[in-house]
Amino acid sequence: MSVAITTEALVLDRRFSSEEYERYQTLIDACRSSGYYHRIVIEDAAGKRLETPGSHPCLGVIGVLDRHGFPQDLRGRTVLDIGCNAGFYSFVAKLRGAKSVLGLDHNQHYIDQALLVREILGLDVEFRCSEGHDLDDRFGKFDFVINTGVIYHLQNPMDFLRRVSQVTLDTMYLESAMLTDPSLTEYAWFIEGEYAQDSSNWWIYGPKCVERMVRAAGFLQAEFQGMIWAPPPGMLTPEGLELQSRGAFICRK
Ligand SMILES: C[S@@+](CC[C@H](N)C(=O)[O-])C[C@H]1O[C@@H](n2cnc3c(N)ncnc32)[C@H](O)[C@@H]1O
């Protein structure tokens, strides 16, 4: 069985039977109450589609990350996807040739979503519910670590980055919310209260600040790949705060 990544969907080379399709649809719906983040579109060989109803348009975003240094070729690499959510980037890593992929997330309901998508795709990716602040080498060490969309959700990002550094053998791909104003590149903004209607948003960093944090955590270098997204000037969050950008880094041991 194979899976192809297109701009529209993860496309299977097999057809769902109608029982199978209904079962997957029911299981996807059953996870709605705990909330989806990843929107993963899966299409079978007959064009029948399944979709996880999240707000994060995974296929569009991987296209953007690809233009900002996300590797096309992960052949033979061991990969950790920390804060994997429903596992989209773990699946991409596997489809790009990774020897093994482990996705970790501290929310069991996201791991349940990842396990369901794994069953539909039939890919050999491991998922476990685990807290990033407990990360150590009991899970092994990894050639390549995907660390996207996580560090602004942490009150203590240095503890997390230090732990990630300790299990990274070669490269970490880091993506985060990022301060837009170039004059603030060396600074970070601590948010007390809500930003973008999400009380788990704690920090937004300037690019140079992240580079320094990554080096202090144990990486040799961090190369800013540029902003992957920027809001229109003057756009505000529902709380009236200035909406910030998102940026990516390639970080090497
Ligand atoms: C914004 S989502 C990003 C998901 C995915 N990495 C991506 O880029 O689409 C943040 C994810 O990180 C997970 N997360 C946040 N803090 C975490 C922690 N301390 N340990 C493990 N997972 C965490 C959340 O449960 C959520 O799935």
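## Close-up views of a predicted model

**View 1. Helix α3 and its buried residues.** In α3, the buried residues are Phe88, Tyr89, Ser90, Phe91, Val92, Ala93 and Lys94. This is a predicted model. The helix covers residues 88-95, and seven of its eight residues are buried, so α3 is largely enclosed by the rest of the structure. Glycine 97 follows α3. The phi of glycine 97 is positive, near 105°.

View 2. Strand β10 takes in residues 142-148. Six of these seven residues are buried, so β10 is largely enclosed by the rest of the structure. Strand β7, residues 78-82, pairs with β10 in the parallel sense over three bridges. Strand β11, residues 168-178, also pairs with β10 in the parallel sense, here over six bridges. Which residue of β10 is the bridge partner of valine 79? That partner is phenylalanine 144. Phenylalanine 144 also stands opposite threonine 171 in β11. Strands of a sheet pair through backbone hydrogen bonds, either parallel or antiparallel.

**View 3. The open four-stranded sheet.** Four strands form an open sheet in the order β1-β2-β4-β5, and the pairing is mixed. Strands β1 (3-5) and β5 (49-51) stand at the edges. Each has a single partner strand, so one side of each is left without a neighbour in the sheet. Neighbouring strands here are turned by 25° against each other on average, direction ignored.

**View 4. The β4 and β5 pair.** Strand β4 spans residues 41-43 and pairs with β5 in the antiparallel sense. Three bridges link β4 and β5. Which residue of β5 stands opposite valine 41? Glutamate 51 of β5 takes that place. In a regular strand the side chains alternate between the two faces of the sheet.

**View 5. Helices α5 and α6.** Helix α5 (residues 157-167) packs against helix α6 (residues 207-216). The angle between α5 and α6 is about 55°, and their axes are 8 Å apart. Angles under 35 degrees would count as roughly parallel, and 65 to 115 as roughly perpendicular. The two helices, α5 and α6, are therefore oblique to each other. Their crossing is right-handed.

**View 6. The shell around the ligand.** There are 18 residues around the ligand. Which of them come nearest? They are Gly83, His106, Gly132, Thr148 and Gly149. By residue type, the shell divides into six nonpolar, 10 polar and two charged.

Definitions and conventions:
Residues are numbered from 1 along each chain as its sequence is written. This is a predicted model: local features need pLDDT of at least 70, side-chain atom pairs count only at pLDDT 80 or more; totals for chains, interfaces and linings use all residues. Two strands pair if DSSP finds at least two bridges between them. Axes are lines fitted to C-alpha atoms, for helices over the stretch in contact, and angles run from 0 to 180 degrees between N-to-C directions. A residue is near a molecule or strand if its C-beta atom, placed from the backbone, lies within 6 Å of it. Ala, Val, Leu, Ile, Met, Phe, Trp, Tyr, Cys and Pro count as nonpolar, Asp, Glu, Lys and Arg as charged, and the others, Gly among them, as polar. A residue is buried if 20 or more other C-beta atoms lie within 10 Å of its own, exposed if 12 or fewer, and partly exposed in between; C-beta atoms are placed from the backbone. Angles under 35 degrees count as roughly parallel, over 145 as roughly antiparallel, 65 to 115 as roughly perpendicular and the rest as oblique. A crossing is left-handed if the near helix is turned anticlockwise from the far one by less than a right angle, and right-handed if clockwise.
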